[in-house]
Structures are given as C-alpha cells and as structure tokens.
Amino acid sequence: MVVAIALTATGLIVLAALRDNLVDSAELQAGKTVHDIAGQVEAGTPLGRLRLPDPEDEPVQVVSADGQVLAADEELRGQGPMADFGPGSTTGGDSEEDDGAESESGDGPADDDADDDDTDDDDDTDDSASEEDGSPGSGHVASGPGTDAGLAADAAARTGPADDTASTTEPVFGQAQLTVGDTEPASYRIAALASTTPDGRPVTVYAGASLDTADSAVADVRRAMLIGLPLLLAVVAAVTWLVTRWALRPVESIRSELAEIMHGDLSRRVPEPTARDEIARLAATTNETLAALEQSSERQRRFIADAAHELRSPIASLRTQLEVAQAHPGLLELDGLLSDTVRLEHLAADLLLLARLDAGEQPRSDRVDLALLVREELGHRVGDRAPVGAGLPREPLVITGSRTQIARVLGNLVDNAQRHAATAVRVTVERRGDRVVLAVADDGRGVPEADRERIFQRFVRLDDARSRDDGGAGLGLAIVRDVVQRHGGTIRVESADSGGARFVVEFPVTP
C-alpha cells in the first residue's frame with residue numbers, strides 16, 4: 001500500500017510536470033510565431049503576402065481594431081477572430097466565438113509601452129523583403145487583392161524601404177478550441193500581440209501552437225503508467241513477500257524449536273543462522289538463555305536432591321530415638337534429640353535463606369558499621385572450641401546492606417574456622433582504598449588450592465572423614481558467597497600466616 005500510494009503520487013506529479021513543460025513549449029512557439037508575423041506586418045509586408053506557418057500546427061490571424069480578420073490562413077477563412085483577448089481587447093475573459101473558435105482568458109494584459117525587439121524585426125524585415133508575389137502560404141486579406149488599400153500596401157512593399165520598427169507590445173497568452181479547415185476542434189495555445197501597419201492602422205496578431213502533441217504525450221504516459229504501475233506493484237508485492245518470508249524463516253525455526261523445548265528438554269538449542277545479522281544475534285542470545293536455564297534447572301534439581309538427602313539423616317535419627325523411647329522409656333536420650341532438632345532447624349533455616357536468595361530477593365540498604373557489627377557478634381559467641389581474637393579499627397567503617405545477612409556471613413565464616421582450627425581463630429577488619437576488608441583466619445590444615453573455588457558450592461565437604469554432625473551440611477560457605485555477591489562484594493580463600501585458611505571478604509565503602 002505504501003509503494004502504491006508513492007507510485008501514484010509520483011505518477012501524478014510526473015504527468016503534471018510533463019504537461020506543464022509541453023504547454024510552456026507550445027507557448028514559446030506561439031510567442032515566437034506572433035513576433036515573426038508582427039515583424040512582417042510592421043516591416044510593410046503586404047497582408048496578402050505574409051509568410052504564414054502550417055495552419056494545423058500554428059494558425060495565424062491578423063485582426064483589425066474593430067474585430068475584422070485582415071489576414072489568415074486559407075483554412076481559417078470565413079471564421080472570426082480565433083480569440084477575443086489581446087492587447088486591444090476589452091473582454092479579458094473566456095469566451096466562445098459564434099463561428100466555431102472557442103477561447104480561454106489571456107495570461108495577462110498587454111504592455112503597449114514595452115521595449116522594442118530589434119533583432120527579431122531585423123530578421124523579419126530581411127525575410128519579408130525577399131518574399132516574392134504569389135509565394136505559397138500567403139494569407140487572406142480582408143480588403144481583397146483588388147482594393148486600393150491592397151494595391152497601396154503592395155506598392156509600398158515593393159518600392160518603399162522596409163520599416164524596421166519592432167512591435168511595442170509583449171504577447172498575451174491564452175488557450176482556445178479551434179477548427180482549422182475540416183478537422184475536428186483542437187486545443188491551441190494562443191498568443192496575441194498588438195502591432196501597427198505602416199499606414200498607421202492598429203492590428204492584433206494572433207498565433208497559435210497546437211497542444212495535440214502535449215495531449216498525446218500525456219495520454220501515452222498515462223496509459224503506460226496505468227499498464228506499468230499495476231505490474232510494478234505486483235512485482236514489488238511478490239518480491240516483498242518472498243524476501244520477508246526468506247528473512248523470517250530463521251525466526252520460524254527458532255520459534256518451532258522453542259516450542260519443542262517448552263516440553264522440558266532444556267539441553268536442546270535453537271539453530272543459529274550463518275549470517276551476522278539481528279536474527280543470528282537473537283538465536284545466540286536465545287541459546288545463552290537456554291544454557292543458563294539448563295544450568296539453573298540442573299542446580300535446582302541437584303539442590304533438591306541434596307537437601308532431601310541431608311534432611312533424611314536427622315529426621316531418621318529423630319524417628320529412631322523416638323521409637324526407642326516409646327518402646328523403652330528409660331533409654332530416652334534428650335541430648336541426642338535436642339542435637340538432632342537443632343541441626344534440623346539450622347538446615348531448614350539455611351535452605352530457606354538459599355531459596356530466598358535464588359528467588360532474587362534484594363538485601364536491605366541499611367548503613368552498617370562493619371567494625372561495630374563484628375565486635376558485637378563476637379561478644380555474643382559463647383562455647384567456642386577455639387578462642388577468637390579480633391583486630392578491629394577504632395573509626396567506623398560503614399557499608400550498605402542488610403545487617404542480618406552480613407552478621408550471617410560473619411557467623412558462618414567463624415563457625416567454619418572453628419570447625420577446622422587447631423588452637424585459635426582471628427578476625428580482622430581494615431580499610432583498603434574504597435573497600436572494607438573482613439578476614440577470618442584459622443591455624444588448621446588450610447584449603448588445597450585446587451579446591452578453593454569448589455568449597456563454595458552447595459553441599460560440598462572436603463574432608464570425608466569428618467562426621468556429618470561435626471562437618472555440617474556444606475551450605476554455610478555457599479550462603480556466604482551468595483550474600484556477599486548480592487552486597488556488591490567479593491570473597492576468596494588464601495593461605496593464612498599461621499598455616500591454615502584465610503577467608504577474605506571485601507565490601508565497597510559507603511561514603
């Protein structure tokens with residue numbers, strides 16, 4: 001539709017411009033002819049011997065002030081003036097002649113005081129001087145070749161010097177329907193120019209230029225457009241349809257593949273086109289998304305399986321102890337029941353926190369003095385196996401985040417250090433540039449370099465010799481990393497000066 005509207009508008013503009021140009025050409029031709037005839041009249045050429053062009057293409061009339069046709073082509077004899085406008089006309093509007101000549105309004109009034117056109121009149125004078133009696137194409141003289149006026153004009157033309165006075169007017173243009181001879185009425189561009197015969201009589205010279213060529217050319221172009229534009233639109237529509245289908249074929253492949261993947265097989269990937277375009281980038285991004293979804297789904301399944309396995313052990317222990325107590329009340333061990341219950345409570349709390357972190361829960365935006373938080377949390381710890389030393393600054397070191405979650409990070413790191421320390425654990429807080437560094441070190445056996453990344457995975461325990469009761473479920477360090485990352489920080493493991501492991505957490509400083 002857009003192409004059709006554009007082509008139609010362009011075609012109309014082209015037709016209008018073509019007709020205007022052709023009409024201007026006809027007007028130029030009529031103006032040239034009327035100057036030529038007026039030059040002959042003013043040069044003294046007898047009206048019966050004017051050199052007139054082909055009347056079908058360029059009809060000419062010389063009309064007196066009282067509307068009498070003084071000279072005209074043979075085909076125009078017996079007709080009145082071809083137009084009623086001109087320098088001497090008082091109508092100044094459209095009219096239809098009674099003798100078959102229909103005219104339209106002129107383009108403007110005559111200017112009787114215009115400058116002379118010496119060049120055209122000189123040429124016309126020379127041509128008229130060489131014209132001999134009885135030349136072909138001579139015009140019709142209203143006074144007749146036998147009248148005194150005609151003889152006097154003829155004698156003046158033969159014996160008197162040529163009058164080089166040029167027309168003092170500019171032509172006025174209009175349009176009219178003329179019947180030349182036995183032909184059908186046709187459109188002409190008419191030029192009217194005021195002139196004067198050598199004996200002082202004012203006359204108006206009319207010259208026309210046929211618009212048949214313009215009408216024919218416009219009609220041919222219009223016909224060509226009416227035939228060509230539908231064909232062009234059909235070609236454009238077909239090409240657009242084919243190109244669009246070809247361009248969107250990879251999109252359909254991606255859509256159909258995604259529809260299959262929706263059934264649950266996240267290991268499949270959509271086809272990637274070889275072209276380096278937007279569709280290829282869409283396919284690549286879709287595959288990256290599918291890979292991330294597959295990893296997330298796999299981690300979720302593994303997490304659920306590990307959580308079920310970890311929960312099975314304390315629940316089974318509790319059930320066993322309760323069944324024994326039911327059968328033998330005297331064998332009930334409250335300490336074992338309490339220990340398993342506490343472990344089960346911690347495991348449930350860890351699983352709930354991980355679920356909230358996986359759901360994308362954002363931490364609070366509180367201002368937390370990390371040094372003060374460490375001092376308070378360490379002051380609340382009782383019953384630790386190894387003493388905990390601290391190196392804390394006096395000035396506040398403020399970070400932004402959730403105080404509860406940051407305290408959980410500190411507690412998990414200290415619990416992990418207590419589990420592996422030989423004699424002591426040390427916690428330090430310091431500022432390095434625009435970062436606040438929290439470090440927890442122990443004097444145990446340390447973490448092998450190859451396992452320093454793996455220990456942050458969920459349900460991972462490096463020492464299989466440790467019992468589940470002493471070694472935990474393997475979720476503490478995973479929680480630490482997730483919480484630190486959501487606070488814009490980083491965590492890493494390195495060797496401590498005491499030979500054990502040193503966990504280093506960095507948070508951005510809040511201004």
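A salt bridge here is a side-chain nitrogen of Lys or Arg within 4 Å of a carboxyl oxygen of Asp or Glu. The model is predicted, so local features need pLDDT of at least 70 and side-chain atom pairs count only at pLDDT 80 or more, while totals for chains, interfaces and linings use all residues. Residues are numbered from 1 along each chain as its sequence is written, and side-chain values use heavy atoms, with hydrogens and water left out.

Start with arginine 201 and aspartate 199. Their side chains form a salt bridge, 3.5 Å from N to O. Aspartate 199 is exposed, at 55% relative accessible area; arginine 201 is partly exposed, at 38%. (Buried is under 20% relative accessible area, exposed over 50%, partly exposed in between, with a 1.4 Å probe and protein chains only.)

Next, select residues 224-248. An unreviewed UniProt entry lists them as "transmembrane region"; such annotations may be inferred rather than shown by experiment. The stretch is 100% helix and 0% strand, with its end C-alpha atoms 35 Å apart. Helices (H or I, at least four residues) and strands (E, at least two) are DSSP runs, numbered from the N terminus.

Now select glutamate 506 and arginine 435. They meet in a salt bridge, 3.7 Å from N to O. Glutamate 506 sits in strand S14 (residues 501-508) and arginine 435 in strand S12 (residues 435-442), so the pair ties together parts 71 residues apart in sequence. Glutamate 506 is buried, at 15%.

Show Arg435, Arg492, Glu494, Arg502 and Glu506 together: salt bridges link them in a network. The whole structure holds 24 salt bridges.
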